[in-house]
Each structure stands twice: as structure tokens, then as C-alpha cells.
Amino acid sequence: MKVLVMNCSPVRNGATAEIVKIVTDCLEKRHDVKNICIDDYDINFCKGCRTCHNTAKCVQNDDVGRIIGQYEWADIVISVSPSYWADIPGQFKAFIDRCTPWCNTHDPHAKISSGKKGYSIALRTGPGMRECERIIASIEHFYGHMDIKCCDSLGLCSVEYKEDLECRREEIVEFCNRLDQMNPEHVPDAEIWDLYNENRELIGKDHVRGEQLPIDGYHLVVHVWIRNSKGDYLISQRSANRPAYPLMWECVGGSVVKGENSLLGAIREAREEVGVELKPENGKVLFTKTRKVIDGRIYNDIMDVWLFEYDGEVDLSNATTDEVAQAVWMNRSQIKELFDANMFVDTLGYFFTEVDKKRR
Ligand SMILES: Cc1cc2nc3c(=O)[nH]c(=O)nc-3n(C[C@H](O)[C@H](O)[C@H](O)COP(=O)(O)O)c2cc1C
């Protein structure tokens, strides 16, 4: 997920900036995170002319559009705002006022793309939470009129300087963990895997996809062959933009992510890649193979090969990723033709002896 964390204070190295840093450190392992500070932008005050009510555009030309550009980039916006006189700082308020062209209370109005999620963090020096709640309410009011869905918030009282945050880190990390849990479907950008030992026992360590696996840590991989009652298999062609094996044909497959088991991973991969909803009771593991070090490279995966019976519809527009260019039901000889033409992923050659054992 693309996460924009905005320092809504004009102070670039104060307590607000420190919270932005802690949030970024927490989220950037699994998300694409960008930081901006309101003070990096020139924002004029709104003049209240209401021209935008008719034109959906502001008569002024400054940096507001640049911040909106960052909003447009993001799937999630996290606004971190201190209390200045029991409210948001003036610079942030000036920005919000200038977002009136995007405000959904009048037509025509400009629009950022839909589906964005908004989070708020408020901090203050005084002890009472009510003032934080007021700041959060201001930010959420703004999100609401921008059609950004308000998802969660955090108030931090008794904070003046960044040193005051040393004992508050846990609350901020907890907030980030909640955000992660609420956005699980977007993990693939920076997939996290559970690590297992050679005996398939969890070892209590996470692994970020793409990083070097430890020599003693294995991860679960699923290959998912989907067969209909005619005995044909659902075979997919990898999209042209895939870094490995572009446009080659294969079965559904991928890595099991943190918190999943092999079955849930198989069902999720089918949903993501070809948009089909497999039923757990229709699947079985045909065999499992463990790969270790091959030609000096650590593979360390435990591969479950699944076979699912499925007679439902296949509509690629239901897929939640663009990993697959097309999905086609094929019989054994059609699959063989693709193999012989070197158009099938070569590591799947076991199909003919282990999956479709009965020659037709
Ligand atoms: C101009 C100004 C006004 C402030 N007003 C309040 C206030 O009304 N209530 C409060 O609890 N803290 C208030 N504070 C304290 C800030 O909310 C607090 O120090 C916060 O940590 C500042 O973060 P920053 O340095 O990143 O901007 C104020 C600070 C400043 C600079």
C-alpha cells in the first residue's frame, strides 16, 4: 500500500516529526511510505471568493496542487497534527480551507480518486484527551468532505518535545499494527512470510519477500492445479509485466503469507490471480517437496502441490491482481503442446507424472 504520512506542524524536527518517523519506520517494511511536511509547501490563505463553487478550481496558484498530488498517489493518508491553541496549526488549516474545490458539499467539485483511507494522530502538551479528540474531529471532518474514509485515530497527551515520546513508542507501534491488520490484502507489495524449520515447525520469525532467506529458515509455497469435472485444468498466462517468466503459462501459485496456512494461501492465490473462489473441501495436497540450496542459492521452500475440483465460472475481472493475462481451461495434450513449445514454466514438468497421472 502507498502510505502518505504528513507532518501537519511547521516544526520539521519536533515531536510531530518524531511521530512521523516512528510511524514510517513501522510501516515501511510492508508498505511504500512517503513523508511530507506542511512547511515544505507555500500555501496562501483562502480568500472566501467561492469561485471554486462554480468552477471546481481555485483562482490562486501555489503549492496546494502539489500536496493534492501526494494525496492522489497515496492509498492511505496519515495526518499527524499537534495542538496549537487547542486546534490544528494555522498552516494545516490554511491547506484544508484551500481544499474547498475538492469539497463534496457543492457541485461541481474536483475529486481525488476514490477508495482512500484516512488516519489521524493528534498530540498536545496538556494532559486532557478532549483537546486531541477535537483535533482528530477537525481532520476527520476534512477527510469526510474529501471522500476519504476515516479509519482510525490516536491521541497523545503530555507531549511537548520529541524526548517525551521515548516512553510512548509502544502506543504508536500499536496504532501501526492496527493499520496493518486493517489492510491485509495489500501485503503483496512487501510480502511478509512466516519462517519454518526443515520439519515445517514455525520458528517465530518473519521474513520480508525479496530479502535473503536465512540458511535455517524455510517458507511455504503453494502450487494450485484447478480441475473441472471434464478433466480440464485452468491454466493461466503470466502478464507481460512480470519480472520472471513473462507471458509463460502455468498453474496458480505463490507464497503463503504471514498468519496463513497452506490451504488459505492456496485459496487466496486463486482469488488474487484468476478470480475464482475455491472451496476448502474440494482441495487436497497431492505431494509436498522441500527445496534447500540449489547451485549455491538458498531456495529454502516447502512446496505443497494442491489439486482443487472447480466447476464454477472463471471471470478474470474478478481477480484482485493483474498478474495473469488470460486463464484458459486446457486438457493434457494442450498443456503438453505448450511444454513442448517451451511456453510453460519448466519447473512444473511434474504435472504429467504427479498431477494428471491418468493419461487420456
Ligand atoms: C503556538 C503553539 C501553541 C500551542 N498550543 C497548545 C495548546 O493549546 N494545548 C496544548 O496542549 N499544547 C499546545 N502546544 C504544544 C504543542 O501541541 C506540543 O508541544 C507539540 O508537541 C508540538 O509539536 P511540534 O513541535 O512538532 O509542533 C502549543 C505549541 C505551540 C508552538
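Trainee: At what angle do helix H1 and helix H6 pack?

Mentor: Bearing in mind that this is a predicted model, helix H1 (residues 15–27) and helix H6 (residues 169–182) pack at an angle of about 50°, and their axes are 10 Å apart. That makes H1 oblique to H6, and the crossing of the two helices is right-handed.

Trainee: Which residues in H1 meet H6 there?

Mentor: From H1 come Ile19, Ile22, Val23, Cys26 and Leu27, which meet Arg169, Ile172, Val173 and Cys176 in H6. By class, this contact has eight nonpolar residues, one charged residue and no polar ones.

Trainee: Switching to the sheet, what is the strand order?

Mentor: Five strands form an open sheet in the order S2-S1-S3-S4-S5, with parallel pairing. Strand S2 (32–37) and strand S5 (149–156) stand at the edges with a single partner strand each, so one side of each is left without a neighbour in the sheet. From one strand to the next, the twist averages 15°.

Trainee: And how many bridges join S1 to S3?

Mentor: Five bridges join strand S1 (residues 2–7) to strand S3 (residues 76–82), and Asn7 stands opposite Val80 in S3.

Trainee: Which strands does helix H5 lie across?

Mentor: Helix H5 (residues 129–145) lies across S3, strand S4 (117–123) and S5, and runs at about 160° to S5.

Trainee: Last topic, the ligand: how many residues surround it?

Mentor: The ligand is surrounded by 18 residues, of which the closest are Ser9, Gly14, Thr16, Arg124 and Gly126. H1 gives the most to this shell, with three residues, and by class the shell has nine nonpolar, six polar and three charged residues.

Terms used:
Residues numbered from 1 in each chain as written. Predicted model: local features only at pLDDT ≥ 70, side-chain atom pairs only at ≥ 80, totals over all residues. Axes fitted to C-alpha atoms, helices over the stretch in contact; angles between N-to-C directions. Helix = DSSP H or I, 4+ residues; strand = E, 2+ residues; numbered from the N terminus. Parallel < 35°, antiparallel > 145°, perpendicular 65-115°, else oblique. Left-handed = near helix turned anticlockwise from the far one by under 90°. Contact = placed C-beta atoms within 7 Å. Nonpolar A, V, L, I, M, F, W, Y, C, P; charged D, E, K, R; others polar. Near = placed C-beta within 6 Å. Pairing = 2+ DSSP bridges.
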